[in-house]
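This report describes the strand and helix arrangement of one protein. Please keep the sequence and the structure in view while reading.

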Amino acid sequence: MSRAIGASVVYEDGTTRRFSDVGAALRETDRGRVELHYRYDAAAVPATRDETRGLWRYRALLPVEPGPVRYPLPVGDTPLVAPPQLRRALSVANLWLKDETRSPTGSNKDRATALILQHAMNEGIDTVSCASTGNVAVSLAVGAAAAGKRAVVFVPTGVAEFKLRLMLSAGATVLKVREGYGAAFRLSRQAAALFGWCDRNTGVNPFTLDAKKTVAFEIWEQLGRTVPDAVVVPAGDGVTLSAMAKGFRELVACGVARRIPRIVGVQAEGCQPIKRAWETRSTLEPVRPATIADGIAVGTPVCGPVAVRDVRESGGSFVAVADAEMLEAVQVLAIRAGVLAEPAGAAALAGLERALAAGLVRANEHVVVLITGSALKAPQHLVPALDALEIGADLHEVERALSAYVQ
Ligand SMILES: Cc1ncc(COP(=O)(O)O)c(C=O)c1O
């Protein structure tokens, strides 16, 4: 592997060891959390927009081997939307939505999938596997199909029906695990080790963190190479959140930013183990998830303690939101910003409203809300505010219908 110039492994007992051989560090993923390091200087960050598309622009800060990128799907470069109506509705003049729903399979998981499949293509690895609450598996299934690889995905039996259909349609081998996501995660780790597959599991494969950190680089660039005051991020396993923090930390390490933003983590009221650990300053207690937001329904988060550390170090906070608030946020995003999000994908907007009410974010600050997953994969959660009117093919009927709509 190139680019990464070293790695540290943080073992379960909290001790850390540095490795200069990244391969050796990766072999430790069963015993600890691996973090990749690079040569940090201003030259590592692209100075201008160039020909290179998507997250590959940041390859000096990614574990990407030299040579052309072979992964075929376009990933990264998602829009940073300045939504005028939403800004007015929330009275936050400098609000942006980082819209990850525009990724190839409609979620931020496509960043990690791309980096791992690029690696698999370079190394001639045949099978890539993971556990997933839904979106990671769809992302891997579709990405593997595009890359000519085999995907084996482990999902909870209760996985959303439409996401399951997408995985199967893309030809993935899908195994539904009766005991839920936590058990699926452990089982997929064991199976990958036994069968020699590339383990794409979020958090334990350090590529996932590094791919997702590129969203911070893009936000910084899209804001004219400046850092916002706060970034609001949903948290399930906590990898998306920690990746955001790592991305901004690396910009500071490269000398192109002076500080990182406050990070506000958002969990579901029915599944908030990371928020609880942050609040009580105690170890993370696993919970049984009870939320419609499948993406953040993670009872034993892989990156939970790291997410707590990252939020604390950023001066940020956690909030929890009810399912009803997420559904409301789904609707608000659609109507006021034209962004179609699933509940977990809209959680951060619901979280922003909570954070504003609690004074954790101020209305005069520069705030970025991360929208992580598309409603197009979760249509069951779309509750239209109005019903359609049926008419005959007649202009008078159009006129009558329009006046009815106005009322
Ligand atoms: C739409 C969506 N949002 C947020 C998350 C949470 O990301 P993480 O597990 O990295 O915290 C997920 C994870 O699957 C997701 O699918």
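## Terms and basis

Two strands are taken to pair if DSSP finds at least two bridges between them. Helices (H or I, at least four residues) and strands (E, at least two) are DSSP runs, numbered from the N terminus.

The model is predicted: local features need pLDDT of at least 70, side-chain atom pairs count only at pLDDT 80 or more, and totals for chains, interfaces and linings use all residues. Residue numbers start from 1 along each chain as its sequence is written.

## Confidence

pLDDT is the predictor's confidence in each residue, from 0 to 100. The protein has an average pLDDT of 95, and 98% of the residues score at least 70. Confidence is lowest in helix α14 (residues 395–406), with a mean of 88, and highest in β13, at 99.

## The six-strand sheet

An open sheet of six strands has the order β4-β5-β13-β10-β11-β12, with mixed pairing. Because β4 (80–81) and β12 (317–321) each have a single partner strand, they stand at the edges, and one side of each is left without a neighbour in the sheet.

Strand β10 (residues 230–234) and strand β13 (residues 367–371) run parallel and are joined by three bridges. Within β13, Val368 stands opposite Val231. Helix α9 (residues 239–253) packs on this sheet and touches β10 and β11 (262–268); the direction of α9 makes about 155 degrees with that of β10. Contact here requires C-beta atoms, placed from the backbone, to lie within 7 Å. Axes are lines fitted to C-alpha atoms, for helices over the stretch in contact, and angles run from 0 to 180 degrees between N-to-C directions.

## The three-strand sheet

A further open sheet consists of three strands in the order β2-β1-β3, with antiparallel pairing. Its edge strands, β2 (16–19) and β3 (32–37), each pair on one side only. On average, neighbouring strands of this sheet are turned by 20 degrees against each other, direction ignored.

Strand β1 (residues 6–11) is joined to β3 by six bridges, and the two run antiparallel. Val10 has Arg33 in β3 as its bridge partner.

## The α4–α5 pair

Helix α4 (residues 135–147) packs against helix α5 (residues 161–169) at an angle of about 20 degrees, with the axes 8 Å apart. The two helices are therefore roughly parallel to each other (angles under 35 degrees count as such).

On the α4 side, Asn135, Ala137, Val138 and Ala141 meet Lys163, Leu166 and Met167 of α5.

Definitions and conventions:
Two residues are in contact if their C-beta atoms, placed from the backbone, lie within 7 Å. Angles under 35 degrees count as roughly parallel, over 145 as roughly antiparallel, 65 to 115 as roughly perpendicular and the rest as oblique.
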